[in-house]
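Please walk me through this structure, with attention to how its parts meet.

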Amino acid sequence: MECEMLTLTHVQKSYSSGLIPKKVPALKDLNLEIKKGEVFAFLGPNGAGKSTTIKLILSVIFPDAGEILIDGVSHLEKRSRQKIGYLPDQPYFYDYLTAKEFMAFTAQLYNLSKSDYRERIPELLKLVGLDGKEKLQLRKFSRGMLQRLGLAQTLIHDPDLLILDEPMTGLDPMGRKTFREIILSLKNQGKTVFFSSHILSDAEVISDRIGILNNGQLVRQASMSELFEIEVDSIEIMCLWKKAVPASPEVSPWTMAAQDHRSTIFTKDEQSAEEAIRWILGNDGRILRVKPHHKTLEDIFMEETKN
């Protein structure tokens, strides 16, 4: 039986706005379950409520209604937050500290003993590809190096749950690839990763499940396999004819491209594909290939957030 690392049940949050205070809903009856050991991508346009959700989980702000549990413990209890490692979207670094000094400073905030973090710091810097940079001042780090250092500091107290807010924003393709590999290696260590992102291609590659938030409401939640199994954009049927390619019926739910004795038919759904296959076989055609084309995560995201 799979256990939940993070659970949000009927969570609501509103803010006051305007000269005459008026309640503006930021989250509306949010329900989420994040399983232990999974990578969950929390997606949505600007202003959807992603940052509000993360602040609620961290107890930076508090919900108007609902319950938040971290490994079965209320987020209001201090011991629940000891399980969390957090990387904000714009982490602050002290320019004149070295990487090693910064990591030691972070370890002391968690009350780790010197003997504990002395061994852990080199291990974490190696994990994020910063071994050999221990004595380099942070003002000399690139954006990608700082982002990896930020991830290292979230791991200093060995948390079970990582909450990463837009972790790949501003990184070049190589930096994003490195970051994806690190996240997958953390998953293999049994860590649970909950991250928000606008970079849908990265979410598509590394996530086990995704949730799409729009106007404070969760409009979609599914595993990646479920998502692409269900969401078929079109079906391609390639066929071969014994004689010349016959003309399509005047009214048909497909389009056809033909060359010599081959043709490719495109349909929008399974019912139209079945109709096309019957037409091909009824005209002495031979089916070479039937290939469904699935929607991308970007296609699904745009459909769910278009309003």
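Between domain 1 and domain 2 an area of about 1,000 Å² is buried, 72% of it contributed by carbon and sulfur atoms; buried area here is the accessible area (1.4 Å probe) that two parts lose on being put together, summed over both. On the side of domain 1, Leu200, Ile212 and Phe228 lose the most area to domain 2, and together they account for 48% of what that side buries. This is a predicted model, in which local features need pLDDT of at least 70 and side-chain atom pairs count only at pLDDT 80 or more, while totals for chains, interfaces and linings use all residues. Residues are numbered from 1 along each chain as its sequence is written, and side-chain values use heavy atoms, with hydrogens and water left out.

The two domains are residues 4-228 and 232-305 of the chain, with bounds that come from an automatic or database domain assignment. Their contact (heavy atoms within 4.5 Å) takes 14 residues from domain 1 and nine residues from domain 2.

Across this interface there is one salt bridge, a term for a side-chain nitrogen of Lys or Arg within 4 Å of a carboxyl oxygen of Asp or Glu. Arginine 220 forms a salt bridge with glutamate 304, and the closest N and O atoms of that pair are 2.7 Å apart. The side of domain 1 that touches domain 2 draws at least two residues from each of helix H7 (200-206), strand E9 (209-214), strand E10 (217-223) and helix H8 (224-230), where helices (H or I, at least four residues) and strands (E, at least two) are DSSP runs numbered from the N terminus.
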